[in-house]
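Grab the model and follow along.

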Amino acid sequence: MTRTAEIVIVGGGVNGAACAYNLARRGMKDIVVLEKGYPGCGATGRCGGGIRQQWGLDENISLARESVKIYEGLSEELGFNVFFRQGGYLMLVHDEPEHDLVRETIPRQNALDVPTRLLDRGEIARLAPGLNLDGVIAGAYCPSDGTAYPYAVLWGYAEAARRLGAKIYLRTEVERVTALAGAGFEVKTNHVTFHTPRVLNVAGARTRDVAKMLGIDVPTHPVRHEIAVTEPLKQFLEPMVISVKKGFYFSQSLRGEVVGGIGDHEEVESYSTKSSSRFLFKYASALREAFPSLGRARIIRQWAGSYDMSPDHRPIVGGVDGVDGYFQACGFSGHGFMLAPIVSRLLSELITTGETSLPIDALNMRRFDAGTLQHDPYVVG
């Protein structure tokens with residue numbers, strides 16, 4: 001059976017659902033979203049839900065700032081509680097190079113209307129009572145950073161997209177994408193085939209596999225990252241606590257659980273989502289060191305998901321030269337959830353008008369051929 005669509009979106013995670021919603025808001029009809037599993041089975045349902053604006057590159061700061069603005073009104077916009085809470089992000093500073101970095105980047109963030117400020121040890125102790133400050137010389141704190149519940153954000157976007165006419169196909173896996181003679185694409189799945197003038201590829205760590213069907217080489221790779229959660233505890237922690245140097249992050253949920261993770265530079269390229277004892281012991285040790293009072297807290301579950309890593313740890317967003325009608329957003333390197341509201345809005349603008357309200361040319365894949373790569377020093381893990 002062959003059907004037609006104005007656009008086929010490959011990937012039903014937060015970026016796919018948000019793009020479907022924003023395209024429908026802009027008047028596009030016959031929007032089809034293809035999800036090979038169930039809603040949230042990929043990176044969206046496995047992420048920690050953090051949303052921060054503390055970055056080192058101006059474009060990352062601006063994108064995150066605009067995403068936070070959207071998150072602030074998202075529950076009302078979607079008619080669905082996404083549990084967005086602005087408890088702030090506390091970024092720990094451990095040595096003089098880090099101290100120099102935050103003193104350099106905080107003014108840049110402030111100039112871009114992000115209210116980060118430098119805290120001394122006494123201010124940190126008041127903000128996060130019980131935090132072990134051994135080896136901590138300062139902190140960078142942005143009170144408007146926060147967290148949201150990933151499944152709620154996904155469900156909210158998906159239901160809003162459906163109300164506007166988008167069709168979301170579950171357990172529908174893309175088997176082949178072919179460029180048609182003249183223009184357009186044929187997208188063959190395990191259930192149905194679509195002919196469409198546009199394809200939007202937002203399949204997370206599998207984006208490169210879908211792109212390869214069209215002869216497009218996307219320079220990303222998957223890396224497993226793991227998360228653990230404790231039993232519910234009495235509320236004691238307002239901000240997300242994060243350390244670039246040590247690679248960990250953790251926050252306390254509305255239910256009292258401490259949710260967090262820690263990077264492992266020995267992880268190799270893999271689609272694995274299996275949990276490991278190596279991570280559990282490493283994370284438990286970091287959490288106990290950071291908050292000694294949590295030494296007897298019980299970790300009740302852990303899980304893993306894939307970071308879709310790009311060479312410079314910045315997202316790849318936009319079209320591809322020579323492939324008219326094809327668009328993609330990938331390579332978020334662990335930050336797709338926090339940027340989804342603004343990236344989906346900008347992509348919907350690009351697809352429907354050819355222009356965007358914020359510049360995103362620097363995120364196009366052509367930067368890898370030009371060799372104009374910039375690395376943000378605030379990537380964690």
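Arg278 comes out partly exposed at 44% relative accessible area (buried is under 20%, exposed over 50%, partly exposed in between, with a 1.4 Å probe and protein chains only). A word on the ground rules: this is a predicted model, where local features need pLDDT of at least 70, side-chain atom pairs count only at pLDDT 80 or more, and totals for chains, interfaces and linings use all residues. Residues are numbered from 1 along each chain as its sequence is written, and side-chain values use heavy atoms, with hydrogens and water left out.

**Exercise 1.** Work out what the bridge between Asp321 and Arg366 ties together.

Step 1: The closest N and O atoms of Asp321 and Arg366 are 2.9 Å apart.
Step 2: Asp321 sits in the loop between β19 (316–320) and β20 (323–330), and Arg366 in the loop between α9 (336–353) and α10 (367–370), so parts 45 residues apart in sequence get tied together (helices, H or I, are DSSP runs of at least four residues and strands, E, of at least two, numbered from the N terminus).
Step 3: Asp321 is exposed at 53%, while Arg366 is partly exposed at 38%.

**Exercise 2.** Count the salt bridges in the whole structure and name a network.

Step 1: The search turns up 27 salt bridges.
Step 2: Glu59, Asp312, Arg314 and Arg367 form a linked network.

Notes. Salt bridge = Lys/Arg side-chain N within 4 Å of Asp/Glu carboxyl O.
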